[in-house]
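Subject: Structure for your reading

Dear colleague,

Please find below the structure that I would like to hand over to you.

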Amino acid sequence: MVSFPRTRLLRSFPIQASVEPPHDEPRLGARNVAGMAVTEALEADAWAAADAAQVETFRAEYRARFAGRFYNGRLHAATTFGIGLGAIALGLSQLRRVRRPELAVVPAALVFGNLIEWLVHKELLHRLRPGFFVFYSRHALNHHQFFNSERMTFDGPDDLRIVFFPPFAILASIGGTAAIGAGLARLSGSRNAGLLYNATSTAFYLLYEAMHLCEHVPETSFAARIPFVAFMRRHHAHHHDKRVMVERNMNLTFPLADALLGTLDRAASQS
Ligand SMILES: [Zn+2]
Ligand SMILES: [Zn+2]
């Protein structure tokens with residue numbers, strides 16, 4: 001079993017005193033500096049190899065755990081997106097004479113959804129909170145063991161089980177959204193505002209699922225070559241580095257909350 005400390009990893013490798021520093025480095029202490037750099041590189045390599053082996057072991061065990069049980073990844077996707085799109089269509093069909101100021105709810109709901117995505121990911125999916133173990137287990141103990149930053153793609157539709165949330169999650173999201181939408185309608189005196197909030201928030205949930213799927217599809221897929229998707233794939237791949245996963249790149253749709261709240265690792269998202 002490998003543990004994953006945040007910074008320094010294994011300390012068992014000796015400093016390579018025979019390694020010569022590059023010619024343009026200062027001579028004072030350069031031998032030690034070079035030796036430490038080699039040691040850290042070896043440590044990083046050893047840790048990466050152990051992490052890669054653990055991912056492969058976890059994948060085999062995870063698939064064996066569900067072998068023989070009925071699962072259809074495309075049906076899973078169709079159920080989630082069918083429920084979400086149905087709820088959006090139902091809500092939009094009830095709009096009546098929308099006034100321009102009411103449309104401001106749409107961008108506001110997208111920003112709010114991005115903040116909620118950040119908060120839930122950081123505080124419920126990566127931290128063990130009383131009453132929310134299922135969130136932590138599904139994400140930190142399973143999703144992050146199945147994918148690491150070097151092994152980000154799934155191998156077939158059966159692996160979608162560990163990419164998408166289960167269908168009950170979108171029902172719970174629609175229920176929570178409806179409660180907030182009803183409160184907004186009452187406070188603002190605008191039924192349209194509540195309906196627009198509900199539709200936008202459910203659309204954001206589907207955007208989350210779609211983007212997360214795109215962040216784990218094979219590199220050869222069409223979606224992976226779309227520039228913004230490619231950017232978010234790098235952003236999310238860095239988040240899958242176990243050394244930083246609890247504190248970096250918590251957004252999956254667009255990195256607004258990461259930028260606002262200081263968890264964005266810009267360098268890791270560059271090509
Ligand atoms: Zn992921
Ligand atoms: Zn995560």
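The notes below describe what was found, beginning with the whole chain and ending with single residues.

Please bear in mind that this is a predicted model.

The chain as a whole

The chain contains nine helices and zero strands, so its pattern along the sequence reads α-α-α-α-α-α-α-α-α. It has 271 residues, of which 23% count as buried.

The nonpolar core

In general, nonpolar side chains in soluble globular proteins tend to be buried together. The largest nonpolar core here has 18 residues. Those with the most contacts inside this core are Val105, Ala193, Leu196, Tyr197, Tyr208 and Met211. Two or more residues come from each of α3 (105-125), α5 (167-188) and α6 (191-214), and α6 gives the most, with 10 residues. If residues up to four places away in sequence are left out, Leu196 touches Glu102, Val105 and Val106.

Two packed helices are described by the angle between their axes and the distance between the axes. The axes of α3 and α6 come within 9 Å and cross at roughly 45°, which means that α3 is oblique to α6. Their crossing is right-handed. On the α3 side, the meeting residues are Val105, Val106, Ala109, Leu110, Gly113 and Glu117; on the α6 side, they are Ala193, Leu196, Tyr197, Thr200, Ser201, Phe204 and Tyr208. By class, this contact has nine nonpolar, three polar and one charged residues.

Helix α2 (residues 73-92) also packs with α6, at an angle of about 160° and with the axes 9 Å apart. The angle therefore makes α2 roughly antiparallel to α6. This crossing is left-handed. From α2, Thr80, Phe81, Gly84, Ala87, Ile88, Gly91 and Leu92 take part, and they meet Leu195, Asn198, Ala199, Thr202, Ala203, Tyr205, Leu206 and Glu209 of α6. The contact of α2 with α6 has nine nonpolar, five polar and one charged residues.

The buried residues of α3

Which residues of α3 are buried? They are Val105, Ala109, Gly113, Asn114, Glu117, Trp118, His121 and Leu125. These buried residues pack against α4, α6 and α8 (256-261).

Three single residues

Val134 belongs to helix α4 (residues 133-146). This residue counts as exposed because it has 11 C-beta neighbours inside 10 Å. Val134 and Leu124 are 10 residues apart in sequence, and their C-alpha atoms are 9.4 Å apart in space.

Most residues other than glycine have a negative phi. Arg97, which is not a glycine, has a positive phi of about 45°. Arg97 is placed in the loop between α2 and α3. Asn249 likewise has a positive phi, near 55°, and is found in the loop between α7 (227-239) and α8.

Is each of these two residues buried or exposed? Arg97 is exposed, because 6 other C-beta atoms lie within 10 Å. Asn249 is buried, because 26 other C-beta atoms lie within 10 Å.

Yours sincerely,

A colleague

How values were computed: Residues are numbered from 1 along each chain as its sequence is written. Chains are lettered from A and ligands numbered from 1 in the order in which they are written. This is a predicted model: local features need pLDDT of at least 70, side-chain atom pairs count only at pLDDT 80 or more; totals for chains, interfaces and linings use all residues. A nonpolar core is a set of buried Ala, Val, Leu, Ile, Met, Phe, Trp, Tyr and Cys residues joined through C-beta atoms within 7 Å. A residue is buried if 20 or more other C-beta atoms lie within 10 Å of its own, exposed if 12 or fewer, and partly exposed in between; C-beta atoms are placed from the backbone. Helices (H or I, at least four residues) and strands (E, at least two) are DSSP runs, numbered from the N terminus. Two residues are in contact if their C-beta atoms, placed from the backbone, lie within 7 Å. Axes are lines fitted to C-alpha atoms, for helices over the stretch in contact, and angles run from 0 to 180 degrees between N-to-C directions. Angles under 35 degrees count as roughly parallel, over 145 as roughly antiparallel, 65 to 115 as roughly perpendicular and the rest as oblique. A crossing is left-handed if the near helix is turned anticlockwise from the far one by less than a right angle, and right-handed if clockwise. Ala, Val, Leu, Ile, Met, Phe, Trp, Tyr, Cys and Pro count as nonpolar, Asp, Glu, Lys and Arg as charged, and the others, Gly among them, as polar.
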